[in-house]
Amino acid sequence: MDKETTKLLATYRRLVEQSARLGLARASLPTGSSRARITSANAKWARVAEERDRVEAILVERGLMQEELRHV
């Protein structure tokens, strides 16, 4: 595995963790939260999730199977 792929894997791991954390924070917003707070939580999660998916697509393109990535 080349250096760039190794770096992408590290980035992917970080984004998976960050996405999970932000998704949980988003889901944990109390009932009655302001629209602004909900929109901000959704935007933060969406930004990280989109980047995670972009990096995953690059890794799959480089020959790493999606099953391998799920165990990251």
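Helices here are DSSP runs of at least four residues, numbered from the N terminus. With that in hand, welcome to a short tour of a predicted model.

Figure 1. The secondary structure comes to three helices and zero strands. Read from the N terminus on, the elements follow the order α-α-α. The radius of gyration is 15 Å, well over the 11 Å that the globule rule gives for 72 residues, so the protein is more spread out than a compact globule. Taken along the principal axes, the box filled by the C-alpha atoms is roughly 50 × 20 × 15 Å.

**Figure 2. How confident is the predictor, and where is confidence lowest?** Averaged over the protein, the pLDDT is 92, and 90% of the residues score at least 70. Helix H2, residues 35–61, has the highest confidence, with a mean of 96. Helix H3, residues 66–70, has the lowest, with a mean of 68.

Figure 3. Of the 72 residues, 25% are buried. The accessible surface comes to about 5,400 Å², and carbon and sulfur atoms account for 53% of that area. Now take the contacts between residues at least 6 apart in sequence: 68% of them join residues at least 24 apart. As for charge, there are 14 positive and 10 negative side chains, and the centres of these two sets lie 11 Å apart.

Figure 4. The relative accessible area of Ala49 is 5%, and buried means under 20%, so Ala49 counts as buried. Follow the chain from Ala49 to Thr6 and you cover 43 residues, while their C-alpha atoms are separated by 20 Å.

**Figure 5. Glu51, another stop in helix H2.** Glu51 has a relative accessibility of 31% and counts as partly exposed. Thr11 sits 40 residues from Glu51 along the chain, and the C-alpha atoms of this pair are separated by 9.6 Å.

**Figure 6. Arg14, a residue of helix H1.** Helix H1 covers residues 3–27, and Arg14 is found there. How accessible is Arg14, and what does that make it? The relative accessibility is 47%, so Arg14 falls in the partly exposed class, between 20% and 50%. Arg14 and Arg47 are 33 residues apart in sequence; in space, their C-alpha atoms are 14 Å apart.

**Figure 7. Thr6 in helix H1, viewed together with Asn42.** Thr6 lies in helix H1 and counts as partly exposed, with 42% relative accessibility. Thr6 and Asn42 are 36 residues apart along the chain, and their C-alpha atoms are separated by 29 Å.

Terms used
Residues are numbered from 1 along each chain as its sequence is written. This is a predicted model: local features need pLDDT of at least 70, side-chain atom pairs count only at pLDDT 80 or more; totals for chains, interfaces and linings use all residues. Side-chain values use heavy atoms; hydrogens and water are left out. pLDDT is the predictor's confidence in each residue, from 0 to 100. Helices (H or I, at least four residues) and strands (E, at least two) are DSSP runs, numbered from the N terminus. The radius of gyration is taken over C-alpha atoms; the globule rule is 2.2 Å times the number of residues to the power 0.38. Buried means under 20% relative accessible area, exposed over 50%, partly exposed in between (1.4 Å probe, protein chains only). Contact means heavy atoms within 4.5 Å. Accessible areas come from the Shrake-Rupley method with a 1.4 Å probe; for residues, only the protein chains shown count as cover. Lys and Arg count as positive and Asp and Glu as negative; His and the chain ends are not counted. The place of a charge is taken as NZ of Lys, CZ of Arg, CG of Asp or CD of Glu.
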